[in-house]
Amino acid sequence: MHLSKALLLALTLMVGTDAFANCAKRDLYGFWHVISLGSSDGVGSVCIIALNALGKVKSSSSCELFSDTSAERTAFDLDPSSSLTVNRQCHVSGGLGEAGRPLLAIDGQMSREGEYIQGTLEADAPDDVGSDVFIAIKMK
């Protein structure tokens, strides 16, 4: 009887520790494959974003815009001054831009394991309107 209680307590402590894990900025580090599902205007994007340990976009990051009404795609590099941040509750925010021009404001939630982020991309440029839903998957 005492052994089963000790085992139950040990399992509860192990599971409880993982259940209350906190996110940290270093969880953003690495390469992310980001797919926006497009908004009512039919424009979406696919990005490969490299982030350093501080959440800053590396120069090797790029996106490709696509439309459901055209086969043409527009590729661009992300501005290295762009950055993301994550708080202890795993909320992700920040912005992505192109050549000093703000494009998208990020509002999302990271999984506690740090394997994916889901949320919205809000147009941040004066000539753009609307928002997209996105998912970002960490590439290993």
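Which cysteine does a disulfide join to Cys23? The partner is Cys90, with an S to S distance of 1.8 Å. The model is predicted, and the values below are computed from it.

**Disulfides**

The chain has two disulfides. Counted along the chain, the bonded cysteines pair in the pattern 1-4, 2-3. A disulfide is a covalent bond between the sulfur atoms of two cysteines.

| Pair | S to S distance | Torsion about the S-S bond | Handedness |
|---|---|---|---|
| Cys23 and Cys90 | 1.8 Å | about 90 degrees | right-handed |
| Cys47 and Cys63 | 2.0 Å | 110 degrees | right-handed |

The disulfide between Cys23 and Cys90 is right-handed because the torsion about its S-S bond is about 90 degrees. This pair links distant parts of the chain, 67 residues apart. Cys23 lies in the loop between helix H1 (2-19) and S1, and Cys90 lies in the loop between S5 and S6. Cys23 has a relative accessible area of 4% and is therefore buried. Cys90 is buried as well, at 1% relative accessibility.

The other disulfide is formed by Cys47 and Cys63. Cys47 lies in strand S2 and Cys63 in strand S3 (residues 62-67), so this link ties together parts that are 16 residues apart in sequence. Cys47 counts as buried at 4% relative accessibility, and Cys63 is buried with a relative accessible area of 6%.

**Nonpolar core**

The largest nonpolar core holds 23 residues. Ile49, Met110 and Ile117 have the most contacts inside this core. Two or more residues come from each of S1, strand S2 (43-51), strand S5 (83-86), strand S6 (91-98), strand S7 (101-110), strand S8 (116-123) and strand S9 (131-139).

**Ser36**

Ser36 belongs to strand S1 (residues 30-36). Is Ser36 buried or exposed? Ser36 has a relative accessible area of 1%, and because buried means under 20%, Ser36 is buried. The side chain of Ser36 reaches the backbone nitrogen of Ser45 at 2.8 Å. Apart from neighbours within four places in sequence, Ser36 is in contact with Gly44, Ser45, Phe66, Leu121, Asp132, Val133 and Phe134.

Note on methods
Residues are numbered from 1 along each chain as its sequence is written. This is a predicted model: local features need pLDDT of at least 70, side-chain atom pairs count only at pLDDT 80 or more; totals for chains, interfaces and linings use all residues. Side-chain values use heavy atoms; hydrogens and water are left out. Helices (H or I, at least four residues) and strands (E, at least two) are DSSP runs, numbered from the N terminus. Buried means under 20% relative accessible area, exposed over 50%, partly exposed in between (1.4 Å probe, protein chains only). A polar contact is a pair of N or O atoms within 3.5 Å; within protein, one must be able to donate a hydrogen and the other to accept it, and residues adjacent in sequence count only if both atoms are side-chain atoms. Contact means heavy atoms within 4.5 Å. A nonpolar core is a set of buried Ala, Val, Leu, Ile, Met, Phe, Trp, Tyr and Cys residues joined through side-chain atoms within 4.5 Å. A disulfide is a pair of cysteine sulfur atoms within 2.5 Å.
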